[in-house]
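Here is a short briefing for a first look. Please keep the sequence and the 3D view open while reading.

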Amino acid sequence: MGIIAWILIGLLAGAVAKMLLPGKDPGGIIITMLIGVAGGLLGGWLGKVIFGVDSIDGFFDLSTWIAAIIGSLILLLLYRVVTGNKRTHRHA
């Protein structure tokens, strides 16, 4: 698949992950797209390592989309853990 296809899958998979895990996250559409693209790669790698299948076959294959969405969900959760509420409480 070409870079444009990865960006499109990343954007859509990131948006689906954001819909499945709603909440206020720092970052906007660019962060969502980067999480989606990286999530697609992570999902494909996990599919190959865990199940021994090539889950990133083509743009219109269901396995590609499932892997990208699952990878995006994992990365979105990790992103939330890393960037969590970093509020400092100051006492007078």
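## A buried serine to start from

S72 counts as buried, with a relative accessibility of 0%. Buried means under 20% relative accessible area, exposed means over 50%, and partly exposed lies in between (1.4 Å probe, protein chains only). The model is predicted: local features need pLDDT of at least 70, side-chain atom pairs count only at pLDDT 80 or more, and totals for chains, interfaces and linings use all residues. Residues are numbered from 1 along each chain as its sequence is written, and side-chain values use heavy atoms, with hydrogens and water left out.

**Overall build**

- The protein has 3 helices and 0 strands. Helices (H or I, at least four residues) and strands (E, at least two) are DSSP runs, numbered from the N terminus.
- Along the sequence the pattern reads α-α-α.
- Of the 92 residues in the protein, 30% are buried.
- The accessible surface comes to about 6,200 Å², and 72% of it belongs to carbon and sulfur atoms. Areas come from the Shrake-Rupley method with a 1.4 Å probe; for residues, only the protein chains shown count as cover.
- Take contacts between residues at least 6 apart in sequence: 69% of them join residues at least 24 apart. Contact means heavy atoms within 4.5 Å.

- S72 sits in helix α3.
- Beyond its neighbours within four places in sequence, S72 is in contact with A13, G14, A17, I35, G36, G39 and G40.
- α3 also holds other buried residues, including T64, W65, G71 and L76.
- α3 has 22 residues and reaches 31 Å from its first C-alpha to its last, close to the 32 Å expected at 1.5 Å a residue. The expected span is 1.5 Å times one less than the number of residues.

**The largest nonpolar core**

- I9, A13, W65, A68 and I69 form this core, 5 residues in all. A nonpolar core is a set of buried Ala, Val, Leu, Ile, Met, Phe, Trp, Tyr and Cys residues joined through side-chain atoms within 4.5 Å.
- α1 (3-20) and α3 each give two or more residues to this core.
- α3 gives the most, with 3 residues.
- A68 is in contact with I9, A13, G39 and G40, leaving aside its neighbours within four places in sequence.

**A nonpolar surface patch**

- L62, I66, I70, I74 and L78 make a nonpolar surface patch of about 440 Å². Patch residues have over 30% relative accessible area and no salt bridge; like charges are joined within 9 Å, nonpolar side chains (Val, Leu, Ile, Met, Phe, Trp, Tyr) within 5 Å. A salt bridge is a side-chain nitrogen of Lys or Arg within 4 Å of a carboxyl oxygen of Asp or Glu.
- L78 lies in helix α3 (residues 62-83).
- L78 is partly exposed, at 45% relative accessible area.
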